[in-house]
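Colleague: I want to go through this model with you and ask what stands behind each label. Please show it first.

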Amino acid sequence: MSVLIKGGRIITAADDYVGDIFIEGETVSLIGRSLDVRAEKVIDASGRYVIPGCIDPHTHMEMPFGGTVSCDDFTSGTISAAFGGTTTIVDFCLQQAGQTLPEALETWHEKIERAKPVIDVGFHLAVTDLQEKGTLEDLAKAPEEGVTSYKLFMAYKGAIMVDDETLFKVMQVASETGALVMVHAEHGDSIDVLVKQALAEGKTEPKWHAATRPPITEGEATNRAVQLAHLAGAPLYVVHVSCKEAIDPIARAREADWRAWGETCTQYLFIDESYLDRPGFEGAKYVYTPPPRPKENQEHLWHALSTGVLSVISTDHCPFRFDGQKTLGKDDFSKIPNGGPGVEDRLMMIHNFGVREGRISLNRMVELLSTAPARFFGLYPRKGTIAVGSDADLVVFDPNRKKTISAETHHSNIDYNLYEGTEVTGVPETVLLRGQVLVENGELVAIPGAGRFVRRARFGEELPGAAGERPIQVG
Ligand code: URP
Ligand code: ZN
Ligand code: ZN
Ligand code: ZN
């Protein structure tokens, strides 16, 4: 199959020009101002942007958590992602109690074999136990399977939290194997005390979720992780940075040229702690961790994104339905499953409120949503850019089309949307994965199983094009 995308405004992290893109098979084979080629399919992209497929390095599909399972599997979750212009996710393979690390990876491989994702999928390995079944030897082998990042939770005590000994040992292994260490940074012990005290005082409503995990708990753990990773000699990536207290230690690390970086997620840029106060248990929709923060943090986050202190925007898509899942915590906020949706909304929200409102450039948007995730997670330059030899993962984006974001029209299984009723200008129109059209004019045309498991390169190494060659870089 050959496809010609004609006359679009091609935008990468570095470039911005009008041209044609010719795709043969799964990769881009020619880029030029006006290509004289015959293609089986021609897509008119005039008046549209053409950007590299977005990469979401932080999702939790079909994840057992908080006594239930997140409500998107790799079918619904990847269809939702595709509609939002995301063509690759890197999902957290979570080691369950009693599982070895290879068993955990096998469980996640079975999920994608069963669910037949429509976009490409990679895995991080989330280590929860190195005492019973998890071993450092198995951990060291994961990168050979293309799983080149380890994740640790410094919170969720009594469930998936690890202690500092485990955290540090994993960092040491990473420094040997070339894996990237990812941390959920919160001080789990103090949070556990604060939660128990609040409940003992009869404080059960959703708003206590935020009150019992204040910003300083995130700041403390972020700083601890930065220091320990530096000591171990491992590269570090702090997930879902939500507040100034956590931005500051990352800013210091960036300033000192330490190998520590951070991401934030769409929701922290738009939703503040007042949402947790919504009446009628509505607040439970915004119970994710870290919690929504006081509003002034949003400007700190935008500033950190525009100055390079934060490097990526992910979604932390971890959907739990309001009906039947969030309601598990009707009488006890600590039993509300933690997580929110958003895999479909990121590009539209960041384009509308980031680019259109002048906070970041179009190039920076592409960098934050595609190129930087590709580089951090060993997918570049096969993915994360538009270049000869790279995967033809492309989004034709109409910057003028208007849309109202709503649970009525999104494609996730979840029954609410964090951004319900938000009007945006700029919508992904046609989405391609390795040359196959997934979404065309707002309709799903993807074949189930269009997506594949991606074996990622080690941190700092490149993933060549599918044919084995290094894609030719523009810019
Ligand atoms: O509340 C959240 N974020 N749930 C998913 C697990 C995590 O901490 O990322
Ligand atoms: Zn987390
Ligand atoms: Zn998460
Ligand atoms: Zn250039």
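Modeller: Start with two terms. Strands (E, at least two residues) and helices (H or I, at least four) are DSSP runs, numbered from the N terminus. Two strands pair if DSSP finds at least two bridges between them. This is a predicted model: local features need pLDDT of at least 70, side-chain atom pairs count only at pLDDT 80 or more, and totals for chains, interfaces and linings use all residues. Residues are numbered from 1 along each chain as its sequence is written, with chains lettered from A and ligands numbered from 1 in the order in which they are written.

Colleague: What is the bridge partner of L433 in β18?

Modeller: Q436 is the partner. β17 and β18 (residues 436–440) pair in the antiparallel sense over 4 bridges. They form a hairpin with 2 residues between them. In the turn, R434 has a positive phi of about 45°.

Colleague: How many bridges join β16 and β17?

Modeller: There are 8, again antiparallel, with β16 spanning residues 394–404. F397 stands opposite P428 in β17.

Colleague: Why is β17 called largely enclosed?

Modeller: Buried means 20 or more other C-beta atoms within 10 Å of a residue's own; exposed means 12 or fewer, partly exposed in between, with C-beta atoms placed from the backbone. In β17 (residues 423–433), 8 of the 11 residues are buried, so the rest of the structure largely encloses the strand.

Colleague: What makes K157 partly exposed?

Modeller: K157 has 18 C-beta neighbours inside 10 Å, so it counts as partly exposed. K157 lies in the loop between β11 (149–153) and α4. Contact means C-beta atoms, placed from the backbone, within 7 Å. Leaving out residues up to four places away in sequence, K157 touches G188, D189 and D192. The C-alpha atoms of K157 and G188 are separated by 5.7 Å, though 31 residues apart along the chain.

Colleague: Why does the span of α7 agree with its length?

Modeller: The expected span is 1.5 Å times one less than the number of residues. For the 18 residues of α7 (residues 215–232) that gives 26 Å, and the end C-alpha atoms are 26 Å apart, so the two agree. Its buried residues include T217, A221 and A225. They pack against elements including α4 (164–177) and α8 (244–255). Just after α7, G233 takes a positive phi of about 80°.

Colleague: What pLDDT does the protein average?

Modeller: pLDDT is the predictor's confidence in each residue, from 0 to 100. The protein averages 98, and 100% of the residues score at least 70. For the complex, the predictor gives an ipTM of 0.92 and a pTM of 0.98.

Terms used: Two residues are in contact if their C-beta atoms, placed from the backbone, lie within 7 Å.
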